[in-house]
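Please look over the structure shown below before reading on.

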Amino acid sequence: MTTANDVLSALQSAFPGAIEEAKVDPERQLWATIKPDRIVDVCKYLRDNHNFDHYSGAAGVDRIDEGLFEVTELLASHGAHQVVALLKVKTPRDNPSVKSLTGLYWNANWYEREIWEMLGINFEGHPELYPLLLSDELMGAWPWRKDYKGYPDYNTAERAIEKVNPEGYTDYSFTPTEAEIKAGTVPFERPKYPTFREREEMEIKGESEMILHMGPQHAVVPGPFLLDILVDGERVKKAFLDVGYIHKGIEKIMENRTYTQGIPITDRLCYMAALTNNEAYCGAVERLLGIEAPERAQYIRMILEELSRIQSHFLGTAEFLTLIASAVYSPFLYMIIDREDVLSCIESVTGARINHSFVRFGGVRNDLPEGFKDMTLDTLKMIRQKTEEYKELFSSDSIYQKRMEGVGVLSPSDARRLGVSGPPLRASDTPFDMRREDPYLLYKDMDFEVITRKEGDSKARVEVRLDEILESCYIIEQCLDQIPSGPIMAEGVPKRIKPEPGEAYYRVEDHRGEMGFFVVSDGSEKPVKVKARGPVYAYFQALPPLLEGVYIADVVAIAGSMDACTSEVDR
Amino acid sequence: MVLSAITEFAAQEPKIYGLIIGLVAAAILASVINVVAMLLVWLERKVMGDFQARYGPNRVGGRWGVLQLGADAVKLFTKEDVIPRGADKPVFVWAPIVAVATTMLVAGALPFGAVIIDGKEIPLVVANMDISAFYIEAALSIMAISAFMAGWSSNNKYSMLGAFRGIARMIAYEVPMGICVISVAIMAHSLNVVEIVQAQSIWFVIAQPIGFVIFAIALITDLGRMPFDQTEAEEEIIAGYNTEYSGIRFGLLYFQEYIVMLLGSILLVHLYLGGWNGPVIPVISFISPMIWFFMKLIIVLVALIWVRVSLPRFRIDQVTDLGWKILLPLSMVNLAWAVVVGLYFA
Amino acid sequence: MGISDVIPLPVAVDKELEKWTIWGRPLTDVWFTTTEKIHEIIDMGPIKNVLNWGRKNSLWFLMQPMGCCGVEMLVFGCPHYDCDRFGIFPRATPRQVDVMIISGYITRKYLPAIKNLWEQIPEPKWVMAIGECAISGGPFYDSYNIVNDTSKFFPIDVFVPGCPPRPEKFIEGFRALQEKIKQREDKRGY
Amino acid sequence: MVLKNLKMTLKRSMSGVEVTRLYPEKIMDLPDAERGVHVLDIRKCIGCGACARICPNDCIELVPYARGNPLKNKKQQYPQVDYGRCMFCGLCVDDCPASCLTMSKVFEIAGWNRDDIVYSPEDIAVGMYTDQELAELAEEARKAEEEKKRKAAEAAKAKKAKAAKAKAAEEGEKGSGEKSAKNKAE
């Protein structure tokens, strides 16, 4: 079994002098600072020789005191070993530039584009460096830099200028004021994202082709995003994706809140997975603080996270059903009915339906109420029965099979290359589950199965979700049996959280895939940087290649079977 | 006094008298059909609620929410009338009118049950034609043209896709549907709907089960209801051909859908379920055919709603596949069966 | 410009008609009239109450989920809360709706799009702000990309707090809007 | 085939169970942990402002409130919650040192205007003082004040007396004082 120490020694022998400093902390995480000119070589070596085939993201940190930017690349493996390599590259603050990894990893594209538009770090060799999340007018303002002065900007509404465009609609623009231009908080260059017209002129070749703009408001979407599909009749030839319509800047906001105040913000990252987001963030901060939650708290967390997984999978499947059927389609509504029961179980503990803010550093907010066990066991019994029914429905109905089988097929190699994780990856025959891979909480003691399917199509993805509901039921039953009594908060957790300077990365299995939080502390009350590595970001990036050559009706089926959540993509 | 004047007039000028009576009947028919369609929307929302473990409208107009559709109508008919920039204005304006007019044409030839006076059955039909079955079938396909007008003139890509889908589907399904009507006509030895009903001593659903299934599927397709609502698939192409329609024009299209649903179900009842045939109920023998007719009609309508809430949608290519590759050959088989049974063994 | 301007009536008839009134206004105002005058008359009389009754009982809203509140919006339409009871109904196209629910964060990038949606809705129309983000920016009030005060851009009739509001609150908000329409207190004055 | 679907809906329809929660008439049973509108125990509140400090949304503001406890500091302020910003996370409740701020099961707070959803201490307070109590307390406060004043006056008197004594003593030590002055001059 490869350990972090093995990787480190291999790296040191292969690249003498390229590694400036390195440490292994905790066992499975390798932190290393690489010389900027060698980063591509190091990553190539790791990918080819040590199975680091999973690029799980990049984080840019603004070290304003040292006059540096750090870019941390997160590399991991799809099950060959459990080591996470966090490779740091430093670059000066004036004229920052880092070598791009897009040549090695296909999915590095979006991560690097995001860092570029937010921090202004240039990525050498990146194929298409234009804005991803921000609107054109904010480009060049580099809002994530610590010296971004437009922040906080309370007056955005007052500054908007209305103008009627030639097509008769009202356009809004936020023109910078004189003071802002002087203060240097406004754009100095504006690389443009192609407009509708430009894209149409560029892409449309034949008489029978047109571009269909699905979004930002469209019934298919779980939140606003723009999917431009170039269609020839009913066939999709090419798809373009534009996100960022609900970019809220969560990572920047969390830098301006204390650690505790950050917990409710993580809920809003992806509202369907509020508890796992809490877990990932609190886990990372707990690592920084060096504390661990007591056993009972860990069991409570596990129970609630699995319950939350059940409701999320129900909603994901239900949304998929509306997309291939319609909003009056009954089994969709039956799933929502079942989900309400799970929600009331969760609500009886956390007191909220969706955004729970329940997990705390070193414990949980409150204990399980009386009668929770019986209520949950009853609900689980019902859920099992219903899930079996739905599974039978999916396997026996011929319209479903026509709509789902062979639609949006992701081969295992493609799925890994595109950086997909969670149910879509497991549906492509890759047993990759953080609960097994990198056990957090007490999952190592639990008996459960990692569900996989061979086909990799929409049907497989839906089946994986339904099977995972059954597995989750099993896990919850075990937890309810084994849960000990005891305290729910660790002792010695300070009221004002001030972790030691350092960095931590903690990843959990979200309902939709791998969710990781990368937290950097400088010893003060507020984090220097919080980076959320979300699973849906990866799905979205993989969407355009999946959509080529399918029918318009399949576009919604594929997008739906991915169970996307725009809020998390845009953050 | 007045009555005698009228009879005199009728005897003197039978043609003009017939015209006036026809116009009056048409006016009554149009208003009755509109009211019934509104009731049908209400029925659908209530029945749908029942299938989905909820109540449906229950606030407006008492416990049963019967005035819900009144409110909807008041709102729709007083909303702003938007004609989008770049729309083909005359076509855009005429599309809903054509849609409603064609449905009225269909309604004119359909018998709405019958009454028994002096032991004689009198069908309630505005225009009793020799080829009414064929006429209805033809008028139903004109409706696809109105949908196409609506989609094409809207200057919207979604509308246009919906319109194209509508035409593709119409072509694929009119043929098997027409063949089914012919099979029925062969068995009944007539193309007149009234005579077809009267010929059903055995219901044609028993005599031609395959034909019934094909006709039912084709009918659902023609009505554009689940699982064949590709023309206005909300999740794919927003609202299909009526994406750009608002206010009163949308109201017309909306109610027209339900009028067609009503007429289609009536046609199904007449062609396959024996129309108003049924044992005469002694005490109320006057309207006993009507009772049978409405019972059958309501069963068909509820079944249509039931199918709507329980089936997912086909893709458009799968729909046309089904039409051309399965239904068309099967309808041929059905035709052969009808010819053999109807012409040689009858 | 009414008919009376085009075809002059005999003076005698005119004089006779001037004596007639309807709802306290001379009949000539109503009889030979312009669109504006019709609207004035409708506003005065009980017809307006009938129209408002229809409008308030048939509020179709735009299916436009934007965030956490979007999920609750979905649940609001589902059997447990069943918006159909009140004649409330989701539609996918802005042309056929009466109410726009702002159910989440409005960013600089999304504002033009959502404003276009609002302009596409035919009159009479109302807008509801549901959730903290739509009212004040909520947890993201100090973000660089969020429009804080939505009411600067939309004539918001009902504010429904909650993060996200429970589906009950959606019903509550709609009932508040219905009450507002009934009392003719809404911002755009229908 | 598609019959499975049809069977499923038919079964549900035949069972005749409606799950709809009839909201405006009946409110569902909410758990004790429910996080709804705040409740402020006005007798316990010490006006420390911990809730306002911890609030991530900046929605709690401390405002003066006329019907607060007159026994306490007159300038004491009470939390006013702006529900247009509150995200019901419960951090303020966790952080309240006097545990006077809690969250109730009430959730109906929709408003026609933006101002309607800003809840002043009066709107969220429980255990409010009645007018009589308030008058009594005011009386008590006045008495206490008088007591205080009296004490202050006494203290002042005592101080004065002490000062006079000291002066006398000083005068007694005048000689030495002169000496010191001399030293200073040098």
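How many salt bridges are there between chain C and chain A? In this model, which is predicted, the count between the two chains is 3 salt bridges.

## The interface of chain C and chain A

One of the salt bridges joins C:R166 to A:E347, with the closest N and O atoms 2.5 Å apart. Across the interface of chain C and chain A there are also 10 residue pairs in polar contact, both residues of each pair being at pLDDT 80 or more. Helix 6 (68-76) and helix 7 (111-120) of chain C each supply at least two residues of the side of chain C that touches chain A, and the largest share of that side, 8 residues, comes from helix 7 of chain C. By residue class, the side of chain C that touches chain A divides into 29 nonpolar, 9 polar and 9 charged residues.

In terms of extent, 47 residues of chain C are in contact with 59 residues of chain A, and the area buried between chain C and chain A is about 4,700 Å², of which carbon and sulfur atoms give 63%. Of the area that chain C buries against chain A, 20% is supplied by C:R108, C:K109 and C:Y144, more than by any other three residues.

## The interface of chain B and chain D

The contact between chain B and chain D takes 12 residues from chain B and 14 residues from chain D, and the area buried between them is about 1,300 Å², with carbon and sulfur atoms giving 60% of it.

Across this interface there is 1 salt bridge, in which the side chains of B:R59 and D:E25 meet at 2.8 Å, N to O. Helix 2 (14-51) and helix 12 (288-310) of chain B each supply at least two residues of the side of chain B that touches chain D, and helix 12 of chain B gives the largest share of that side, 4 residues. The residues of the side of chain B that touches chain D divide into 8 nonpolar, 1 polar and 3 charged.

## A sheet in chain D

Chain D holds an open sheet of 3 strands in the order 2-3-5, with antiparallel pairing. Strand 2 (60-64) and strand 5 (118-119) of chain D each have a single partner strand, so one side of each is left without a neighbour in the sheet. Strand 3 (residues 77-82) and strand 5 of chain D pair over 2 bridges, and D:V118 in strand 5 is the bridge partner of D:D82.

## Confidence in chain A

Chain A averages a pLDDT of 83, and 91% of the residues score at least 70. Over residues 151-157 of chain A, however, the pLDDT is below 50, although this stretch has 17 contacts in the model beyond near neighbours in sequence. Where pLDDT is low, the predicted coordinates should not be read in detail.

Methods
Residues numbered from 1 in each chain as written. Chains lettered and ligands numbered in written order. Heavy atoms only, no water. Pairing = 2+ DSSP bridges. pLDDT = per-residue confidence, 0-100. Contact = heavy atoms within 4.5 Å. Buried area = accessible area lost by both parts, 1.4 Å probe. Salt bridge = Lys/Arg side-chain N within 4 Å of Asp/Glu carboxyl O. Polar contact = N/O pair within 3.5 Å; in protein donor to acceptor, adjacent residues only side chain to side chain. Nonpolar A, V, L, I, M, F, W, Y, C, P; charged D, E, K, R; others polar.
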